[in-house]
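User: Hi! Could you walk me through some packing details of this one?
Analyst: Happy to, here it is.

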Amino acid sequence: MKDDVPNLKDFDQRLRDEAHEDLADVINDGEPTQETQIIAIYGKGGIGKSFTLANLSHMMAEQGKRVLLIGCDPKSDTTSLLFGGKACPTIIETSTKKSLAGEQVQIGDVCFKRGGVFAMELGGPEVGRGCGGRGIIHGFELLEKLGFHDWDFDYVLLDFLGDVVCGGFGLPIARDMAQKVILVASNDLQSLYVANNVCSAVEYFRKLGGNVGVAGLVVNKDDHSGEAQAFAEAVDIPVLASIPQDDDLRKKSANYQIVGTEKSQWGSLFAGLAEQVSDAPPVRPAPLHQDGLLDLFDGSDTGAGVTLEPATDEDMRGKNADPKPSLEVVYDDA
């Protein structure tokens, strides 16, 4: 069993070497500081990370960039959108099958191409049969064995689930795997709560000597109510793009259609996002406390003014609250 435990010591150091500069405390001059920009995208499940990334990566490749898209969400929905709904074999699933057969995983087993984008999925364990975060760690260990540090890409985009805060999903931030983080959220409390949590994680690891910063926020399904923009201003990060709440986008996404192309009416939107993602410097966010997050919304929507009423022991006992006879002997004062 010992041989099955991933050893990330050497891998960890190589990742730190790739993102060694303290980028979050300097002003970016517009030129990439690293030969390869490794960017981790976080957001609440279902908020549109995969939609954003699939179309962003396609647009970047169309612009002549070499892009590797790695889905790090157990749902494996990132590459499904890129590949028109077809699910590609995941690294974890393929690794397990190959290991049982006594074979080695090859690049062609797990990495596939469309529109100039190279893409793969880490995947995750079956429900109830393993830890998704540990699967992420194992997946990146296998990427190193496949030659990750020798690959030639302009951008490596990592799609991470923001709701989960365990070590595996926090790997890019905790281990300096990425130069910067991009958040995807909407004008709702839950997605901004997740975005704020990621900002808190970034700031926490910055205090421990980490170098990762937040490049900005992508507002998806923007209904122009303004909460996401207010959040970005409050935590001191820029808004990189606002993707409107539009029925055409919803239908195309549901049908696995790529809109991140110059042939689409949405091409200019994703071209602008590609430019912002490339040039935006990573900064240190100023995460909000819970009350500060709630203050971004109308009080009538968040329960403002509610007073916390302490419960009593009698409340908790309910029908059992009647005093019971005691065997305790009570002596009168002499």
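**Cavity, helices and pocket**

Analyst: Let's begin with the second largest cavity, which is lined by Ile41, Thr52, Leu53, Leu56, Ile182, Val184, Val218 and Val277. On a 1 Å grid over the protein atoms alone, a cavity is a set of points where a 1.4 Å probe fits but cannot get out, and lining residues have an atom within 4 Å of a point. This is a predicted model, where local features need pLDDT of at least 70 and side-chain atom pairs count only at pLDDT 80 or more, while totals for chains, interfaces and linings use all residues. Residues are numbered from 1 along each chain as its sequence is written, and side-chain values use heavy atoms, with hydrogens and water left out.

User: Nice. How much space lies in that second largest cavity?
Analyst: About 40 Å³, taken as the space filled by probe spheres set on the grid points, which are joined across faces, edges and corners.

User: And which element gives the most to its lining?
Analyst: Helix α2 does, with three residues. Helices are DSSP runs of H or I with at least four residues, strands are runs of E with at least two, and both are numbered from the N terminus.

User: What does α2 cross at roughly 85 degrees?
Analyst: Helix α11 (residues 267–279); its axis and that of α2 (residues 49–62) come within 9 Å. The axes are lines fitted to C-alpha atoms over the stretch in contact, with angles running from 0 to 180 degrees between N-to-C directions. The two helices are therefore roughly perpendicular, a label for 65 to 115 degrees.

User: Which residues of α2 and α11 make the contact?
Analyst: From α2, Phe51, Thr52, Asn55, Leu56, Met59 and Met60; from α11, Gly267, Phe270, Ala271, Leu273, Ala274 and Val277. Contact here means heavy atoms within 4.5 Å.

User: Switching topic: what is the volume of the second largest pocket?
Analyst: About 410 Å³. A pocket is an open set of points with protein on both sides within 12 Å along at least five of seven lines. Of its 21 lining residues, Gly48, Phe51, Asn220, Lys221 and Ser253 are the closest to the centre.

User: Which element gives the most to that pocket's lining?
Analyst: α10, with four residues.

User: How does the pocket lining divide by class?
Analyst: Into eight nonpolar, six polar and seven charged residues. Nonpolar covers Ala, Val, Leu, Ile, Met, Phe, Trp, Tyr, Cys and Pro, charged covers Asp, Glu, Lys and Arg, and the others, Gly among them, are polar.

Key. Angles under 35 degrees count as roughly parallel, over 145 as roughly antiparallel, 65 to 115 as roughly perpendicular and the rest as oblique.
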